[in-house]
Amino acid sequence: NLIPAALGLRAGMQFWNAHAKPRTLPDDALIWNGMMKRYLSLWLPNWPLTRLRRAQTNHLAAQTQASSYDTDKTGPLPFVLVETGAHGLCVASANKAAQAIGLTEGLAFTDAKARAPYLHHQDIDRAADAKALEALAKWLIRFAPLVALDGRNGIMLETTGCDHLYGGELAMMKEIASILQREQIPHRMGMASTQVAASALARGA
């Protein structure tokens, strides 16, 4: 069977098709490049904090701490997500207020507490973050038939031939951006003819 080289997928890699069914490219998949591909990269900076804030809001829980999780504005309280790494407990993600006092990803939690004794923190939930990102990726299938995860905080859409449905690439990007903004999901976007270029544009490389 001929399988399009969507997203530059490699054998064994999972993606979602237009019917939201997970598929895996077989080892003997044939690659077909009938036209120039176009890729839209969505980068979701501080996705773990965004996911947590949305979960708190959706469940009407911990409302008094909601501003601590804010990734769009500078919240009044420094807040970090932590996880245990090779060198012990460290910062996995930090909100704007925490970043403003030098608390960044990878910093030892003991150092973070030394800089901010009253630092609010919570364990990161990688499984919940991944599940929420996958759900968002599947939802985005309405804009492009092939969507795949791009790391822990990104999504890649193969948009070849889809943009005309929205009046062009810029209009399509604006449509997606407006929805993400309405859902209070901080993001950056990049469109290019290769995955690497699209990802670099989104991440400001």
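Colleague: Let's start with S5. How many bridges join strand S5 to S11, and which way do they run?
Modeller: Five bridges join S5, residues 39-43, to S11. The two strands run antiparallel. Keep in mind that this is a predicted model.

Colleague: Give me one pair. What is the bridge partner of Leu-40 in S11?
Modeller: Leu-40 pairs with Met-191 of S11.

Colleague: And why is S11 largely enclosed?
Modeller: S11 covers residues 188-192, and four of its five residues are buried, so the rest of the structure largely encloses this strand.

Colleague: New topic. In what order do the strands of the open sheet come?
Modeller: The order is S7-S6-S8. That makes three strands, with mixed pairing.

Colleague: Which strands stand at the edges?
Modeller: Strand S7 (88-94) and strand S8 (120-123) do. Each has a single partner strand, so one side of each is left without a neighbour in the sheet.

Colleague: What does the twist average there?
Modeller: From one strand to the next, the twist averages 40 degrees.

Colleague: How do S6 and S7 pair?
Modeller: Strand S6, residues 79-85, pairs with S7 in the antiparallel sense. Six bridges link them. In one of these pairs, Val-80 of S6 has Ala-94 of S7 as its bridge partner.

Colleague: Which helix packs on that sheet?
Modeller: Helix H1, residues 47-58. H1 touches S6, S7 and S8. Its direction makes about 120 degrees with that of S6.

Colleague: Which residues of H4 are buried?
Modeller: Asp-129, Leu-133, Leu-136 and Ala-137. Seen down the axis of H4, these buried residues fall within an arc of 100 degrees, so they line one face of the helix.

Colleague: Why would residues spaced like that point the same way?
Modeller: An α-helix has 3.6 residues a turn, so residues three or four places apart point the same way.

Colleague: What about the other side of H4?
Modeller: Ala-127 and Lys-131 are exposed there.

Colleague: Last one. How do H1 and H4 cross?
Modeller: Their axes come within 10 Å and cross at roughly 85 degrees. That makes H1 roughly perpendicular to H4.

Colleague: Which residues make the contact?
Modeller: H1 brings Trp-47, Pro-48 and Arg-51. H4 brings Arg-126, Ala-128, Asp-129, Ala-132, Leu-133 and Leu-136. Among these, Asp-129, Leu-133 and Leu-136 are also buried residues of H4.

Notes: Residues are numbered from 1 along each chain as its sequence is written. This is a predicted model: local features need pLDDT of at least 70, side-chain atom pairs count only at pLDDT 80 or more; totals for chains, interfaces and linings use all residues. Side-chain values use heavy atoms; hydrogens and water are left out. Buried means under 20% relative accessible area, exposed over 50%, partly exposed in between (1.4 Å probe, protein chains only). The arc is that of the directions from the helix axis to the C-beta atoms. Two strands pair if DSSP finds at least two bridges between them. Axes are lines fitted to C-alpha atoms, for helices over the stretch in contact, and angles run from 0 to 180 degrees between N-to-C directions. Contact means heavy atoms within 4.5 Å. Angles under 35 degrees count as roughly parallel, over 145 as roughly antiparallel, 65 to 115 as roughly perpendicular and the rest as oblique.
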